[in-house]
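Please take a guided tour of the model below, one selection at a time. Keep the viewer open and follow the stops in order.

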Amino acid sequence: MALTPQDIGRIAHLARLELAPQESERMLTQLNGFFDIVERMRAVDTQGVEPLAHPVAAIQDVQLRLREDVASEPNQREVNQQSAPAVERGLFLVPKVIE
Amino acid sequence: MTQPALHDLGVAQLATELRERRVSAVEAAQHFLDRAQTHQHLGAFVALNEEATLAQARAADARLAAGTAGALEGVPLAHKDIFVTRDFPSTAGSRMLAGYRSPFDATVVTRLAQAGCVTLGKLNCDEFAMGSANENSAVAPVGFDAPAPVRNPWDTSRIPGGSSGGSAVAVAARLAPAVTGTDTGGSIRQPASFCGITGIKPTYGRASRYGMIAFASSLDQAGPMARSAEDCALLLSAMCGPDPDRDSTSLDMPTEDFGRSLNDSLEGLRIGIPAEFFGEGLAPDVRAAVDGALKEYEKLGAKLVPISLPRTELSIPVYYIIAPAEASSNLSRFDGVKFGHRAKDYGDLLDMYKRTRAEGFGDEVKRRIMIGAYVLSHGYYDAYYLQAQKIRRMIADDFQNAFKDCDLIAGPAAPTVAWKLGEHGSDPLADYLADIFTLPGSLAGLPGMSVPAGFGEGGMPVGLQLIGNYFQEARLLNAAHRLQQATDFHLRSPL
């Protein structure tokens with residue numbers, strides 16, 4: 001199953017990436033080349049196999065922890081916003097989203 | 001006999017010199033800062049901050065004088081620019097984070113500072129740690145106005161490996177006695193192999209991922225790179241430990257002295273030799289060096305046991321589905337709002353996102369985001385991501401079967417020695433396929449090392465990869481140390 005130029009456009013939109021026409025073309029060739037090697041993986045019989053997320057779960061139970069929902073950080077808004085592209089009165093600025 | 005130069009000392013020796021006050025932390029720091037300046041052409045460093053480094057060194061000297069020194073007090077080291085630091089910019093090799101200053105230090109950085117280490121600077125790497133040659137960095141190294149290749153000090157027309165390429169170069173060229181790296185699919189072991197140094201990736205979950213700019217969260221692990229296994233053990237012991245409030249996948253395992261059994265005998269050690277690591281794809285020069293190291297192990301009393309890791313080839317597609325899927329999710333945070341690059345010209349919010357990300361990310365990162373977004377999208381998730389996670393378990397089970405017959409596994413870290421700059425051109429698949437020997441251990445989350453094993457074509461270093469079972473870092477380091485007692489490959493210098 002090969003990807004089409006329309007697929008590339010759809011995926012780029014999902015990924016919030018603007019691709020120039022030449023870039024899209026190159027991406028199509030490269031991704032199709034990549035998915036050729038993925039085909040071997042799809043043919044493997046995995047019936048009854050549990051997916052593995054935390055690798056150490058292959059040998060022991062791994063509990064993903066949740067910590068108490070309490071504030072542990074001091075307020076350091078200025079330091080946190082020092083690398084923001086656009087800030088005004090402590091707020092992040094974005095283009096207008098509500099008319 | 002003349003005294004060895006400071007940069008020829010390993011971490012253990014340097015720590016002793018500092019503790020016994022024969023050299024000060026400021027002298028050591030200044031010596032390495034000067035070397036960083038005189039070796040700029042290698043492109044290893046992307047950020048230096050002499051003032052901050054010397055302030056850290058003065059504080060270390062004060063603790064040495066007061067008798068409150070940590071185990072590594074005053075030892076200079078440098079961090080891969082994937083760890084966030086308050087004293088230096090943190091870019092992950094990306095235009096997206098040009099000039100970014102983190103409000104906090106990564107846990108690994110904090111832990112090493114608590115042990116007394118002094119930070120020299122930040123080291124070049126592939127953008128968001130995606131690459132096998134360090135050719136995907138978008139950041140200008142110190143002394144350059146534009147991105148420039150990181151050069152292998154054994155032959156400056158060759159790549160250093162990746163993604164921790166700057167890290168490996170810094171150690172090989174004696175610009176730092178030790179450095180940090182990260183390994184998602186081989187990014188510590190492969191550049192260590194290509195640059196003739198020692199590197200270890202611990203069991204997944206040993207080192208905190210807090211403050212390590214995320215690539216693939218179920219694979220990313222931090223580890224040290226240095227000249228010897230003994231030095232790696234010192235660094236690793238300081239780096240690892242539970243971080244339950246900061247990293248949900250951090251294991252609740254106490255800190256360990258990973259160097260406790262360095263000198264244990266290898267008599268009767270069973271070393272598994274996976275047939276799949278010695279097939280057609282392995283270059284003869286690499287095979288000869290690896291075979292030579294295995295003979296040394298036999299002389300040391302170890303037994304070589306044939307084993308099989310039957311899904312070795314499948315690890316390539318499995319890894320290159322799982323890692324990009326997780327990357328596409330992790331990198332969605334770069335949207336031009338809270339930090340990092342924002343496009344100059346844009347219309348609405350969606351347009352701002354798209355242009356910002358188009359400008360901020362390099363080609364390889366875009367490819368992986370595209371692959372990830374596709375395999376996670378509606379209708380494809382089961383066929384790709386879930387299928388890959390299932391085979392991931394089968395690969396992990398293959399290792400457990402193999403470890404019934406052996407105590408550790410040995411083979412090449414990479415199929416060839418370091419290739420020439422630009423040799424893989426614009427063919428990303430060539431880089432992916434070269435990761436074949438490091439990916440299986442990464443997918444299984446096992447600890448793995450690369451140890452200098454000799455030299456191949458063009459006099460380039462060859463690394464022996466050692467893979468241990470979960471939590472067997474001390475045994476791996478023991479095996480590596482004994483090899484280094486019997487050989488001198490790790491002491492050779494390219495300069």
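Predicted model: local features only at pLDDT ≥ 70, side-chain atom pairs only at ≥ 80, totals over all residues.

Leaving aside its neighbours within four places in sequence, which residues is B:Glu256 in contact with? The contacts are B:Ser237 and B:Ala474, once neighbours within four places in sequence are left aside.

**Stop 1: around B:Glu256**

B:Glu256 sits in the loop of chain B that runs between α7 (229-239) and β7 (270-274). Is B:Glu256 buried, partly exposed or exposed? There are 17 other C-beta atoms within 10 Å, so B:Glu256 is partly exposed; a residue needs 20 or more to be buried. B:Leu236 and B:Glu256 are 20 residues apart in sequence, and their C-alpha atoms are 9.0 Å apart in space.

**Stop 2: B:Glu473**

Next, select B:Glu473, which is part of helix α15 (residues 473-486) of chain B. This residue counts as buried because it has 26 C-beta neighbours inside 10 Å. Not counting residues up to four places away in sequence, B:Glu473 touches B:Ile200, B:Pro202, B:Thr203, B:Leu236, B:Phe258, B:Pro447 and B:Gly468. From that list, pick B:Phe258 and look at its place in the chain. B:Phe258 and B:Glu473 are 215 residues apart in sequence, but 6.5 Å apart in space from C-alpha to C-alpha.

**Stop 3: B:Tyr381**

Move to B:Tyr381, in the loop between α11 and α12 (382-402) of chain B. B:Tyr381 has 13 C-beta neighbours inside 10 Å and therefore counts as partly exposed. Its contacts, leaving aside neighbours within four places in sequence, are B:Leu376 and B:Leu386. Select B:Pro242 as well: B:Tyr381 and B:Pro242 are 139 residues apart in sequence, and the C-alpha to C-alpha distance is 32 Å.

**Stop 4: two helices of chain B**

Select residues 25-38 of chain B, which form helix α2. Its 14 residues reach 20 Å from first C-alpha to last, close to the 20 Å expected at 1.5 Å a residue. Which residues of α2(B) are buried? They are B:Ala25, B:Ala28, B:Ala29, B:Phe32, B:Leu33 and B:Ala36. These residues cover an arc of only 130 degrees around the axis, so they lie on the same side of α2(B). B:Asp34 and B:Thr38, on the other side of the helix, are exposed. To see what the buried residues pack against, display α1 (11-19), β1 (45-48), α3 (50-66), β2 (76-80) and β3 (118-123) of chain B.

Then select helix α9 (residues 315-330) of chain B. Its end C-alpha atoms are 22 Å apart, which agrees with the 22 Å that its 16 residues should span at 1.5 Å a residue. α9(B) is mostly covered, with 14 of its 16 residues buried.

**Stop 5: where the chains meet**

Show both chains. How many residues of chain A are in contact with chain B? The count is 44 residues of chain A, in contact with 60 residues of chain B. On the side of chain A that touches chain B, α1 (5-14), α2 (21-42) and α3 (77-81) of chain A each supply at least two residues. The largest share, ten residues, comes from α2(A). By class, this side of chain A has 29 nonpolar, eight polar and seven charged residues.

Now select α1(A) together with helix α11 (residues 363-375) of chain B. Their axes come within 9 Å and cross at roughly 95 degrees, and the two helices are therefore roughly perpendicular to each other. A:Ile11, A:Ala12 and A:Leu14 make the contact from α1(A), with B:Met370, B:Ala373 and B:Tyr374 from α11(B). This contact has six nonpolar residues, no polar and no charged ones.

**Stop 6: backbone details**

Most residues other than glycine have a negative phi, and most peptide bonds are trans. Select B:Ala129, in the loop between β3 and α5 of chain B. It is not a glycine, yet its phi is positive, about 65 degrees. B:Ala129 is buried, with 29 other C-beta atoms within 10 Å.

B:Phe471 also has a positive phi, near 65 degrees. Look for B:Phe471 in the loop between β11 (461-468) and α15 of chain B. With 18 other C-beta atoms within 10 Å, B:Phe471 is partly exposed.

Finally, select B:Gly162 and B:Ser163: the peptide bond from the former to the latter is cis, with omega near 5 degrees. B:Ser163 lies in the loop between β3 and α5 (165-172) of chain B.

How values were computed:
Residues numbered from 1 in each chain as written. Chains lettered and ligands numbered in written order. Helix = DSSP H or I, 4+ residues; strand = E, 2+ residues; numbered from the N terminus. Expected span 1.5 Å × (residues − 1). Buried ≥ 20, exposed ≤ 12 C-beta atoms within 10 Å, placed from the backbone. Arc of directions from axis to C-beta. Contact = placed C-beta atoms within 7 Å. Nonpolar A, V, L, I, M, F, W, Y, C, P; charged D, E, K, R; others polar. Axes fitted to C-alpha atoms, helices over the stretch in contact; angles between N-to-C directions. Parallel < 35°, antiparallel > 145°, perpendicular 65-115°, else oblique.
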